[in-house]
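Reader: Hi! I'm new to reading protein structures. Could you walk me through this one with some questions and answers?

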Amino acid sequence: MSDNHVHLGGCLCGGVRYQVDGPLRPVVACHCSQCRKTSGHFAAMTSAPRDRITILSDETLTWFDSSPEAKRGFCSRCGGNVFWIPRAEDRMSITAGTLDMPTGLTLSHHIFTEDAGDYYEV
Ligand SMILES: [Zn+2]
Ligand SMILES: [Zn+2]
């Protein structure tokens, strides 16, 4: 876990901004087809309990039901891939690349590597 600082982040255009109070989970890189298709490569995400995440701006935040289990939040203006919410859990994943620097985080491991694109090595 990272420190207890407040983490801020958002999409490229700023239409989606958020704040996380307290520690963030280490970053996990997901190579599943849904993360590939929505991110354009693979998704590197951190996570925190929903009650510690505040959406500061949702001006352009749009939700997409990517599977029966989860929905994804992205910016309808700049295309930034920002959130992933599993319906059955009380947490929210956040794409690590949308965090303002420094994040204080490290990449811990890769998942769904069997679904990774065929043009790179994990
Ligand atoms: Zn945006
Ligand atoms: Zn995935």
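**A walk through the model**

Author: Happy to! Let's start with Phe112, which has a relative accessible area of 43% and therefore counts as partly exposed. Keep in mind that this is a predicted model.

Reader: Is His110 buried, partly exposed or exposed?

Author: His110 sits in strand 10. Buried means under 20% relative accessible area and exposed means over 50%. At 35%, His110 falls in between, so the label is partly exposed.

Reader: How far apart in space are His110 and Ala44?

Author: Along the sequence, 66 residues separate His110 and Ala44. In space, going from C-alpha to C-alpha, the distance is 8.7 Å.

Reader: Which residues are the protein donors of the zinc ion (ligand 2)?

Author: A donor atom has to lie within 2.8 Å of the metal here. Three SG atoms lie 2.1 to 2.3 Å from the zinc ion. In sequence, the donor residues follow the spacing C-x1-C-x2-C. They are Cys30, Cys32 and Cys35.

Reader: Why does Cys30 count as buried?

Author: The cut-off for buried is under 20% relative accessible area. Cys32 is buried too, whereas Cys13 is partly exposed because its value is 33%. Cys30 counts as buried because its relative accessibility is 10%.

Reader: How many disulfides does a search of the whole structure find?

Author: To count as a disulfide, two cysteine sulfur atoms must be within 2.5 Å of each other. Searching the whole structure for such pairs gives a count of zero.

Reader: Which residues touch the most other members of the largest nonpolar core?

Author: This core has 18 residues. Strand 2 (16–21), strand 8 (81–86) and strand 9 (91–95) each give two or more residues to it. A second, separate core of five residues includes Cys30, Cys35, Ala43 and Met45. Back in the largest core, the residues touching the most other members are Val16, Tyr18, Val20 and Phe83.

Reader: Which element gives the most to the lining of the largest pocket?

Author: The largest pocket has a volume of about 330 Å³. Strand 3 (27–30), helix 1 (33–39), strand 7 (70–75) and strand 9 each supply at least two residues of its lining. With three residues, the one giving the most is helix 1.

Reader: Which lining residues lie nearest the centre of the largest pocket?

Author: The lining divides into nine nonpolar, four polar and four charged residues. In total, 17 residues line the largest pocket. Nearest its centre are Cys30, Cys35, Trp84, Ile111 and Phe112.

Reader: What is omega at the cis peptide bond between Met101 and Pro102?

Author: To find the spot, go to the loop between strand 9 and strand 10, where Pro102 is found. The bond joining Met101 and Pro102 is cis, and its omega is about -5 degrees.

Reader: How far apart are the C-alpha atoms of Gly22 and Val6?

Author: Gly22 lies in the loop between strand 2 and strand 3. With a relative accessibility of 10%, Gly22 counts as buried. Gly22 and Val6 are 16 residues apart along the chain, and their C-alpha atoms are separated by 6.0 Å.

Key: Residues are numbered from 1 along each chain as its sequence is written. Chains are lettered from A and ligands numbered from 1 in the order in which they are written. This is a predicted model: local features need pLDDT of at least 70, side-chain atom pairs count only at pLDDT 80 or more; totals for chains, interfaces and linings use all residues. Side-chain values use heavy atoms; hydrogens and water are left out. Donors are N, O and S atoms within 2.8 Å of the metal (3.2 Å for Na, K and Ca); water is not among the atoms, so sites may look incomplete. Buried means under 20% relative accessible area, exposed over 50%, partly exposed in between (1.4 Å probe, protein chains only). A nonpolar core is a set of buried Ala, Val, Leu, Ile, Met, Phe, Trp, Tyr and Cys residues joined through side-chain atoms within 4.5 Å. Helices (H or I, at least four residues) and strands (E, at least two) are DSSP runs, numbered from the N terminus. On a 1 Å grid over the protein atoms alone, a cavity is a set of points where a 1.4 Å probe fits but cannot get out, and a pocket is an open set with protein on both sides within 12 Å along at least five of seven lines; lining residues have an atom within 4 Å of a point. Grid points are joined across faces, edges and corners, and a volume is the space filled by probe spheres set on the points. Ala, Val, Leu, Ile, Met, Phe, Trp, Tyr, Cys and Pro count as nonpolar, Asp, Glu, Lys and Arg as charged, and the others, Gly among them, as polar.
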